[in-house]
Amino acid sequence: MSHNLTLANFSGDSAYPLTERLLTPFNNPTTPAELKFNKLHTSLRVKVENCLGLLKGQWRRLKYLDVNTIKRANMIIESCILMHNYAINHGLDWNTSPSTEDTAQGDANLQMGNTDTTAAGHEKRNTIAALL
């Protein structure tokens with residue numbers, strides 16, 4: 001099976017199942033490639049969680065995102081990111097501190113993939129690890 005490695009991927013922690021679009025770390029890494037993949041994956045997750053905490057600290061609306069559609073949620077999140085970037089680019093000081101709330105709280109309702117997508121996820125993660 002060939003994978004389009006340019007597809008957007010989501011990075012999840014080991015609590016989530018591996019799918020082709022949701023990449024998780026190796027449970028018991030044994031090879032240097034698997035160890036490197038896990039190290040880079042963890043580093044990426046930390047940076048993403050720090051960014052989410054910062055955004056939630058600046059835009060309190062993100063802490064209580066209760067909408068009916070994913071499209072609406074996406075519009076709100078994108079708007080906050082755009083305003084955040086505007087503030088940085090124009091030297092504005094928001095005088096806020098990052099949120100310390102666990103960003104995984106809202107992940108509980110994530111729908112999980114089936115066995116076929118899990119197998120595709122294993123193959124895709126192994127391909128990426130081998131490229132490292």
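## Packing of helices α1 and α2

Helix α1 (residues 32–58) and helix α2 (residues 70–89) have axes that come within 11 Å and cross at roughly 90°. That angle makes α1 roughly perpendicular to α2, since 65 to 115 degrees counts as roughly perpendicular. Axes here are lines fitted to C-alpha atoms, for helices over the stretch in contact, with angles running from 0 to 180 degrees between N-to-C directions. On the α1 side the contact is made by L54, L55 and Q58, and on the α2 side by C80, I81 and H84; contact means heavy atoms within 4.5 Å. The residues of this contact divide into four nonpolar, two polar and no charged. In that division Ala, Val, Leu, Ile, Met, Phe, Trp, Tyr, Cys and Pro count as nonpolar, Asp, Glu, Lys and Arg as charged, and the others, Gly among them, as polar.

The model is predicted: local features need pLDDT of at least 70 and side-chain atom pairs count only at pLDDT 80 or more, while totals for chains, interfaces and linings use all residues. Residues are numbered from 1 along each chain as its sequence is written, and side-chain values use heavy atoms, with hydrogens and water left out.

The protein has three helices and two strands, and its elements run β-β-α-α-α from the N terminus on. Helices (H or I, at least four residues) and strands (E, at least two) are DSSP runs, numbered from the N terminus. Of the 132 residues in the protein, 27% are buried. Buried means under 20% relative accessible area, exposed over 50%, and partly exposed in between (1.4 Å probe, protein chains only). Among contacts between residues at least 6 apart in sequence, 60% join residues at least 24 apart.

| Helix | Length | Span, first to last C-alpha | Expected span |
|---|---|---|---|
| α1 | 27 residues | 39 Å | 39 Å |
| α2 | 20 residues | 28 Å | 28 Å |

In α2, the buried residues are A73, I76, C80, H84 and A87. They cover an arc of only 70° around the axis, so they lie on the same side of α2; the arc is that of the directions from the helix axis to the C-beta atoms. What covers these buried residues includes α1. The face of α2 turned away from its buried side carries the exposed residues I70, K71, L82 and N89. Just after α2, G91 takes a positive phi of about 65°.

In α1, the buried residues are E34, F37, N38, H41, R45, G53, L55, K56, G57 and Q58. E34 counts as buried at 17% relative accessibility. Leaving aside neighbours within four places in sequence, E34 is in contact with F26, N28 and P29. V48 is also found in α1, but V48 is partly exposed, with a relative accessible area of 40%. The C-alpha atoms of V48 and S11 are separated by 9.3 Å, although these residues are 37 residues apart along the chain.

H122 lies in helix α3 (residues 115–131). H122 is partly exposed, with a relative accessible area of 37%.

Key
Parallel < 35°, antiparallel > 145°, perpendicular 65-115°, else oblique. Expected span 1.5 Å × (residues − 1).
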